[in-house]
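Please keep the sequence and the model in view while reading.

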Amino acid sequence: MEMMNSMMKYSIWRYILLICLCASGGGLSASMAGTVSIFRGAVLGACLAAAFPAIDYLKSKGKCRSLWTVALTGACFGLLAGLIICRTRILINYEDAIIPGLNQPLQLVLLAALYGFFVHLSLAVKMDPYWKLPLYMGAMFFCHYCKFVLCNQHFLESLIFALFGFLPFALLWGIPVARLLIVPELDSMDNISKQQGEKVS
């Protein structure tokens with residue numbers, strides 16, 4: 001058990017719960033867009049969450065201390081999500097849709113990698129917790145904007161769609177991450193600072 005704790009920051013069950021909740025949140029955020037979108041959202045949510053134990057393991061080995069290394073690790077798991085989505089070969093039927101579906105394999109893979117890169121980059125930046133939320137939301141908004149641009153090729157319309165479309169995924173994926181990883185980390189940092197303060201006094 002000590003070996004497992006030294007390898008990763010939290011227990012394996014916490015990571016499994018995180019992946020399941022993020023997959024559910026990703027699927028639920030796309031529930032209005034049909035079965036295929038639910039599947040894609042669930043796969044992306046699960047793979048982005050699966051990057052956390054990998055990053056923590058690499059950090060414990062001293063191989064993932066750089067901010068950009070964390071972002072690239074996230075991008076690799078996003079890439080994995082894109083490959084899984086493309087491997088299923090389930091296409092979105094968008095004959096009557098307001099927003100065309102994204103069915104090009106290369107675009108799907110690159111977009112999923114983009115999510116992984118920018119989302120994990122925003123969460124890895126060392127800054128005040130109050131500024132992390134706007135940075136994370138900005139990363140999610142940018143990724144959704146890129147998705148809508150790839151879908152309909154209209155930059156202004158994509159901006160409007162992204163403003164309304166990024167919140168469900170950002171919240172339903174981000175809340176489990178915040179509750180299971182970020183809040184416990186902040187609490188542990190507070191406890192360490194209090195203990196150091198008591199020792200000084």
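Q: Which residues of α2 are buried?
A: The structure is a predicted model, in which local features need pLDDT of at least 70 and side-chain atom pairs count only at pLDDT 80 or more, while totals for chains, interfaces and linings use all residues. Residues are numbered from 1 along each chain as its sequence is written, and side-chain values use heavy atoms, with hydrogens and water left out. Buried means under 20% relative accessible area, exposed over 50%, and partly exposed in between, with a 1.4 Å probe and protein chains only. By that rule, the buried residues of α2 are Tyr15, Leu18, Cys22, Ala23, Gly25, Gly26 and Gly27.

Q: How far does helix α2 reach from its first C-alpha to its last?
A: Helices (H or I, at least four residues) and strands (E, at least two) are DSSP runs, numbered from the N terminus. Helix α2 covers residues 12–29 and has 18 residues. The expected span of a helix is 1.5 Å times one less than its number of residues. For α2 the expected value is 26 Å, and the helix is close to it, with a reach of 26 Å.

Q: What pattern does the protein chain follow along the sequence?
A: The protein chain has seven helices and zero strands. Read along the sequence, its pattern is α-α-α-α-α-α-α.

Q: What share of the protein chain do buried residues make up?
A: The protein chain has 201 residues. Of these, the buried residues make up 39%.

Q: How far does α3 reach from its first C-alpha to its last?
A: Helix α3 has 26 residues, for which 38 Å is expected at 1.5 Å a residue. Its reach is close to that value, at 39 Å.

Q: Which residue just after α3 takes a positive phi?
A: The phi in question is about 75°. The residue that takes it, just after α3, is glycine 62.

Q: Why is the pair of phenylalanine 52 and tryptophan 173 called stacked?
A: The structure holds eight aromatic pairs. Rings of Phe, Tyr and Trp (its six-membered ring) pair if their centres lie within 6.5 Å; planes under 30 degrees apart count as stacked, over 60 as edge-to-face and the rest as tilted. The rings of phenylalanine 52 and tryptophan 173 have centres 6.1 Å apart, and the pair is stacked because their planes lie at 25°.

Q: How many residues apart in sequence are the parts tied together by phenylalanine 52 and tryptophan 173?
A: Phenylalanine 52 is buried, with a relative accessible area of 12%, and tryptophan 173 is buried at 0%. Because phenylalanine 52 lies in helix α3 and tryptophan 173 in helix α7, the pair ties together parts whose separation in sequence is 121 residues.

Q: What is the angle between the planes of tyrosine 136 and tryptophan 173?
A: Both tyrosine 136 and tryptophan 173 are buried. Their rings form a stacked aromatic pair, 6.3 Å centre to centre, with an angle between the planes of 20°.

Q: In which helix does tyrosine 136 lie?
A: The pair of tyrosine 136 and tryptophan 173 ties together parts that are 37 residues apart in sequence. Tryptophan 173 lies in helix α7, whereas tyrosine 136 lies in residues 129–152, helix α6.

Q: Is arginine 65 buried or exposed?
A: Arginine 65 is found in the loop between α3 (35–60) and α4 (67–88). Its C-alpha atom is separated by 9.1 Å from that of isoleucine 55, ten residues apart along the chain. At 67% relative accessibility, arginine 65 counts as exposed.

Q: How far apart in space are isoleucine 84 and valine 109, C-alpha to C-alpha?
A: Isoleucine 84 has its place in helix α4 and is partly exposed, with a relative accessible area of 34%. In sequence, isoleucine 84 and valine 109 are 25 residues apart. In space, C-alpha to C-alpha, they are apart by 9.0 Å.
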